[in-house]
Amino acid sequence: MADAHAKPEHDYHLLEPSPWPLVASVSFFVLAVGLVMSMKGLSWGGMKVGPYLLGAGIIGIIYVMISWWADVIREAEHEGHHTRVVQLHHRYGMLLFIASEVMFFVAWFWAYFDAALFPAEAIQYTRTEFTGGQWPPKGIETLDPWHLPLLNTLILLTSGTTLTWAHHAMLHNDREGVKQGLWLTIILGALFSFVQAYEYTHAHFAFSGNIYGSTFVMATGFHGFHVLVGTIFLAVVLLRVYRNHFTPQQHLGFEFSAWYWHFVDVVWLFLFVAIYVWGSNVRYFH
């Protein structure tokens, strides 16, 4: 009788049954219900269960992420399922994910430019009431783009070079170079988040009450969230480097973290030019 677990004679990976899609779906549902109940102040049986459901959903999602990715690492490192064909398909998947993230930011750029280019549009008379017919709106003191925003730009550009150094070291099997480059990139990512948080606390406008603050914080804030996610991504990759998970020939996890980080860098350049520089001086371009 043939071994049921023998490796098939092809380059494709036929996945075994997994509980994680179902557990993830249930966790996201619990998260959504908890979020709605918390935001609306709803109760069940006289008890405010929204925050508990929200916490349970978050815990479930984190558990699924750790367990599911651990299975992927096991399939790649210990079972040898990630052939060249499988790696190629993983790259396609990561490219599609980054493409979807690009469109996510297109939405926030669209919202910002629509308000900035048409602050006194006749068919949206309520907008004129909020903007005073100009951009930046009356009463808004914008941030100096050549102060903290420029510093954060230099920080992210430098982090891109240190990550490229780490990737080059990986290709040449320089383990110490990989660790040093990743450590520097993670430190720079954390520094960027700290500077952005400091910038928010010292801004002269709030998120609510004005269209400038709303569009500004949604665009730059979601980018900051992506920097935080990317920093965690790189920290996990660094941990895997210490555990000798990667080789110069196979390091998809490292490669995808680099793709994601460079995507975050490019988005920030657009944000810096469009929102910080142009958006602060757009009235002088009319």
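**Exercise 1.** Characterise the second largest pocket by its volume, its lining and the classes of its lining residues.

*Solution.* The model is a predicted one. The second largest pocket holds about 150 Å³ of space. Its lining consists of Glu-141, Thr-142, Leu-143, Asp-144, His-147, Leu-148, Pro-149, Tyr-198, Glu-199, His-202 and His-204. Two elements give two or more residues to this lining, namely helix H5 (148-171) and helix H6 (175-201). Sorted by class, the lining residues of the second largest pocket comprise 4 nonpolar, 4 polar and 3 charged.

**Exercise 2.** Determine how helix H3 and helix H8 are oriented towards each other, and give the classes of the residues in their contact.

*Solution.* Begin with the geometry: helix H3 (residues 84-117) packs with helix H8 (residues 252-281) at an angle of about 10°, and their axes are 11 Å apart. Angles under 35 degrees count as roughly parallel. H3 and H8 are therefore roughly parallel to each other. The contact of H3 with H8 has 22 nonpolar, 3 polar and 3 charged residues.

**Exercise 3.** State where UniProt places the feature "transmembrane region", and examine residues 181-198 and 218-239 in the model.

*Solution.* The unreviewed UniProt entry places this feature at residues 20-37, 49-70, 90-113, 181-198, 218-239 and 259-279. Residues 181-198 are 100% helix and 0% strand, with their end C-alpha atoms 26 Å apart. For residues 218-239, the end C-alpha atoms lie 32 Å apart, and the span is 100% helix and 0% strand.

Note on methods: Residues are numbered from 1 along each chain as its sequence is written. This is a predicted model: local features need pLDDT of at least 70, side-chain atom pairs count only at pLDDT 80 or more; totals for chains, interfaces and linings use all residues. Side-chain values use heavy atoms; hydrogens and water are left out. UniProt positions are given in the numbering used here, feature names are shortened, and annotations may be inferred rather than shown by experiment. Helices (H or I, at least four residues) and strands (E, at least two) are DSSP runs, numbered from the N terminus. On a 1 Å grid over the protein atoms alone, a cavity is a set of points where a 1.4 Å probe fits but cannot get out, and a pocket is an open set with protein on both sides within 12 Å along at least five of seven lines; lining residues have an atom within 4 Å of a point. Grid points are joined across faces, edges and corners, and a volume is the space filled by probe spheres set on the points. Ala, Val, Leu, Ile, Met, Phe, Trp, Tyr, Cys and Pro count as nonpolar, Asp, Glu, Lys and Arg as charged, and the others, Gly among them, as polar. Axes are lines fitted to C-alpha atoms, for helices over the stretch in contact, and angles run from 0 to 180 degrees between N-to-C directions. Angles under 35 degrees count as roughly parallel, over 145 as roughly antiparallel, 65 to 115 as roughly perpendicular and the rest as oblique.
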